[in-house]
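Here is a short report on a single protein chain. Please look at the sequence and the model before reading on.

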Amino acid sequence: MSSLTFTLLGPVRAWRGETEIDLGTPKQRAFLALLLLQPGHPLSPDEIVAVLWGDDPPDSAHNQVQRHVGLLRRLFESDLKARGASRFLVRGSGGYRLDVDPEAVDLGRFRALRQQATAASLLEALALWRGPVAAGIPDEIRSHPAFVAVDGEYLSAVKSAADLALEADPEVADQVLGVVRDAAARHPLDEALQARLMLILAATGKQAEALEAYRTTRQVLADDLGLDPGAELQAAHQRVLKAGTEKPPITLQAPAQLPADLAAFAGRRHELDLFPRIDGKPRAATVVTISGMAGVGKTTLAVHWAHRIADHFPDGQLYLDLHGFHPGRAITSPADALHSVLESLGVPAAAVPASLEAQSALFRSLLARRRMLIVLDNARDTAQVRPLLPGSPGCLTVVTSRNQLYDLVAEHGATPITLERLPYADATELLSRRLGADRVALEQDASAEIVELTGRLPLTLAMVSARAAMNPRFSLAAIAGELQRSHGSLDAFVGESSHSDIRSIFDWSYQVLTPAAARLFRLLAIHPGPDCSLSAAASIAGETAAEVRQSFGELQRANLVAETEPGRFAVHDLLRAYARELVRSDDMDAACRRLTDYFVHSAAAAGRLLFPGREETPLDPPAAGSAPASFRYAGDAVAWFDAERPALIAAVKTRKPGVWQLSLLLEMYLDRIGAWLIQVEVQTAAREAADTPAAVAGTERALGFAEGRLGRWATADRHLARALEIFTEIGDSLGQGRTHRLMAFLLNRRLRHDEALSHYAEAADLYEETGFARGLGYLHNEIGWTYILIGDHAKALEECRLAIESHRARGDRNGQAAAWDSMGYAQHHLGAYDEALESYSQAMRLYRSLYDRSLEAETLVHIGDTHQAAGRPAEAALAWRQALEIFDDLGHPDAGQVLDRMRLVDAR
């Protein structure tokens with residue numbers, strides 16, 4: 001068996017050999033973390049419960065501990081027999097212990113290295129830390145003294161390393177400095193740690209930063225605790241002062257570096273309202289981040305707002321392009337940026353410190369008690385920006401980036417503003433300002449088309465406007481035609497230089513992605529819907545959901561995708577076109593197959609739960625890497641259909657191989673929600689993609705029934721007759737039986753009940769021959785409904801009872817619900833209103849358990865009809881109103897009939 005290794009100094013993780021183990025829930029990881037604190041040391045169940053649940057454990061706490069034990073044993077030892085002994089997680093000495101070598105746990109290695117007590121061993125020990133101990137487990141557990149004590153071991157090791165470094169040569173101090181600086185930043189009130197930071201800074205020639213650290217700590221102590229520095233911190237301050245003298249103050253220049261404001265700036269009123277209020281009063285240093293995809297107008301907005309507020313910053317306005325995304329030049333390093341900024345402020349080149357830390361400290365010192373506006377444009381990430389942030393109240397920094405700078409928001413309280421594409425009115429205003437309001441008003445339809453075809457991005461609108469302005473004899477309709485002909489590609493947006501060429505601009509963002517994120521971005525181009533679920537993306541990429549979630553996080557930070565709702569991601573049309581140009585055909589073919597199989601097998605799983613009476617569509621196994629969804633509850637299956645509906649419909653319309661199967665799996669769902677026009681479109685596309693006689697027959701049948709739902713009788717009959725003919729030719733008895741049932745349903749709609757009964761008899765013979773008992777149960781109900789329409793309610797009740805008994809024997813709640821509804825309808829027409837309401841109540845209970853809202857609404861309509869017939873108009877109106885709300889929510893065409901009932905009652 002492969003050995004186990006663990007990490008506790010940061011997130012709780014485990015590996016069996018080279019394979020990482022999924023440790024499950026946060027509570028289960030917390031249990032493992034508790035065992036890892038002292039490997040080999042037993043913990044009693046009571047001790048474990050006290051840590052995991054505190055003073056108020058649930059009654060099931062000990063059972064939950066045993067469950068965690070069992071689950072971890074199976075994770076650690078995949079070959080563990082049902083009753084075999086565990087090799088690693090052992091019960092004994094009154095408790096549970098984890099029998100692993102202490103060196104298999106990073107905490108054990110940390111402690112061993114710390115005991116060696118050399119600067120090198122302490123640095124090696126501290127390098128094992130990846131964050132607070134047991135990061136990611138519930139906070140109330142991590143705050144237990146057992147875990148807090150381990151965090152204390154880290155701080156003690158840092159201080160020991162600092163003490164040893166101060167006694168060693170400067171090279172060792174340089175190595176230790178980074179660790180001490182990071183620890184000091186996380187523990188600003190630890191005076192002993194801050195004192196050591198100051199001394200190491202001074203020892204490595206960074207006296208200015210050491211003095212800045214003292215001033216910062218003194219202020220934090222005063223603000224947070226109302227205290228002055230203690231003896232140790234004051235002593236360190238005196239040592240730093242003796243080690244060197246502070247440089248004399250430098251007379252600041254007042255730079256005015258803002259680029260020109262755009263004369264044609266338009267819109268963005270909502271975003272401008274989100275900026276912090278600037279009124280000239282000193283306040284804490286303010287940071288604003290503006291993020292968004294390429295071409296969305298980040299720089300334009302930043303510069304426009306900076307000009308509006310520049311008068312509030314009399315000490316000057318700095319502007320710096322950090323070149324975070326540029327194909328032709330390297331990213332500007334923080335050191336280069338600071339050097340440039342210091343020179344702009346009047347610091348002689350010879351007086352600019354050599355190290356980044358000293359430059360940053362000098363920058364903050366120079367801006368102390370001054371009011372300055374700084375615009376940092378086109379930043380790559382927070383690390384590039386952090387040394388350029390002033391610490392003085394009254395300064396304002398505006399940072400633009402294609403990435404979402406989460407750390408600036410979390411660490412510095414930055415105000416985040418995310419730019420989306422322009423609203424339609426703003427985009428039209430921008431077009432009018434660039435081309436003239438008269439020209440746009442003269443061709444309003446063409447202008448509207450240009451606005452939409454440019455994706456409402458300021459950059460693409462500017463490019464198209466430039467073409468129109470340079471060719472005033474071109475009509476806007478002609479330019480819209482050019483865009484329409486190139487729609488789905490980027491050919492209409494080729495600029496003069498890389499700064500205006502849309503492909504180049506997108507490429508700047510794409511080139512800095514990790515390989516995994518870049519691959520996912522390319523493959524998302526094949527997804528047909530408006531947004532993509534996490535599980536669908538996992539199948540497209542052939543990766544796990546966790547791997548894809550990590551890539552999505554990177555794409556979100558780069559503003560190449562947007563999370564429209566939790567777990568669903570959208571790509572802008574122009575970015576999709578760009579991605580489509582990048583994806584390789586072999587990757588695309590395999591990804592398309594995985595995505596189609598995800599849709600097909602997920603829809604089949606949802607359909608089996610929601611429509612158990614439906615004949616199974618034979619399916620090949622899903623392609624390797626495709627991970628179809630599974631469902632435990634009907635509500636989950638309905639939610640999946642609802643969320644994926646646009647993508648499923650779009651997938652069928654691609655007419656790719658295999659989508660005809662998806663169309664048949666969608667048939668019942670689309671019918672239930674009343675999407676009959678969409679059904680016609682879907683089944684028409686599927687019929688064109690059908691590649692076998694069975695596929696043609698199935699799509700002809702579904703198309704015929706949808707046409708019948710719309711009252712197009714001749715077309716419906718033609719398609720259904722063709723389906724029946726093909727099913728008969730290929731010997732598909734179940735296909736013939738279902739076609740007969742659909743034909744009978746439509747004949748009943750046309751009051752041709754005797755013909756309907758004849759088709760039901762044909763279906764019954766076919767089902768009996770094949771032994772399709774479930775289908776016979778549905779036939780009893782459908783025949784019963786036909787007798788209701790004829791007026792023979794006694795026969796109807798007999799058939800409905802047979803249907804209920806058949807479905808109950810098979811546990812088919814869907815079939816039972818339909819039969820109870822039919823029985824209630826028959827009882828209503830026999831005048832047995834109370835019995836009818838009881839039957840409807842049974843149907844309602846079942847439909848609600850199945851989340852079948854459409855049929856729930858139909859039953860509510862029947863309940864209302866029964867109350868009305870019984871002389872209870874108020875109860876009738878209540879039931880109809882509930883039905884109408886459901887139909888309206890579904891966009892179901894039957895809403896009109898319910899509304900007519902309510903109006904008729906009101907008129908009386």
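Which residue forms a salt bridge with Asp163, and how far apart are the closest N and O atoms? The partner is Arg196, and the closest N and O atoms are 2.9 Å apart. A salt bridge here is a side-chain nitrogen of Lys or Arg within 4 Å of a carboxyl oxygen of Asp or Glu. Asp163 lies in helix 7 (residues 145–167) and Arg196 in helix 9 (residues 191–203), so the pair ties together parts that are 33 residues apart in sequence.

The model is predicted: local features need pLDDT of at least 70, side-chain atom pairs count only at pLDDT 80 or more, and totals for chains, interfaces and linings use all residues. Residues are numbered from 1 along each chain as its sequence is written, and side-chain values use heavy atoms, with hydrogens and water left out.

**Overall**

The chain has 908 residues, of which 53% count as buried. Buried means under 20% relative accessible area, exposed over 50%, and partly exposed in between (1.4 Å probe, protein chains only). The C-alpha atoms fill a box of roughly 110 × 90 × 60 Å along the principal axes. There are 42 helices and 13 strands. Both are DSSP runs numbered from the N terminus: helices are H or I with at least four residues, strands E with at least two.

**Salt bridges**

The structure holds 35 salt bridges.

| Pair | Closest N and O atoms |
|---|---|
| Asp163 and Arg196 | 2.9 Å |
| Glu209 and Arg181 | 3.3 Å |
| Glu232 and Arg196 | 3.3 Å |

Arg196 is buried, at 15% relative accessibility. Glu232 sits in helix 11 (residues 231–243), 36 residues from Arg196 in helix 9.

Glu209 is buried at 10% relative accessibility, while Arg181 is partly exposed at 22%. Separately, Arg269, Asp426, Glu429 and Arg433 are linked in a network of salt bridges.

**Strands**

Is strand 9 (residues 396–401) mostly covered or mostly open? It is mostly covered: 6 of its 6 residues are buried. Leu396, Val398 and Thr400 are buried on one side, and Thr397, Val399 and Ser401 on the other. Strands pair if DSSP finds at least two bridges between them. Strand 6 (residues 286–291) runs parallel to strand 9, joined by 6 bridges. Thr286 has Leu396 as its bridge partner. Strand 8 (residues 373–379) is also parallel to strand 9, with 5 bridges.

Elsewhere, an open sheet of 3 strands has the order 11-13-12, with antiparallel pairing. Strand 11 (532–533) and strand 12 (562–565) stand at the edges with a single partner strand each, so one side of each has no neighbour in the sheet. Strand 11 pairs with strand 13 (residues 568–570) over 2 bridges. Ser533 has Arg568 as its bridge partner.

**Surface patches**

Leu189, Leu225 and Leu227 make a nonpolar surface patch of about 250 Å². Patch residues have over 30% relative accessible area and no salt bridge; like charges are joined within 9 Å, nonpolar side chains (Val, Leu, Ile, Met, Phe, Trp, Tyr) within 5 Å. Leu225 belongs to helix 10 (residues 207–225) and is partly exposed at 46%.

Glu762, Asp765, Glu768 and Glu769 form a negative patch. Glu762 is in helix 35 (residues 753–770) and is partly exposed at 40%.

Key:
Accessible areas come from the Shrake-Rupley method with a 1.4 Å probe; for residues, only the protein chains shown count as cover. Lys and Arg count as positive and Asp and Glu as negative; His and the chain ends are not counted. The place of a charge is taken as NZ of Lys, CZ of Arg, CG of Asp or CD of Glu.
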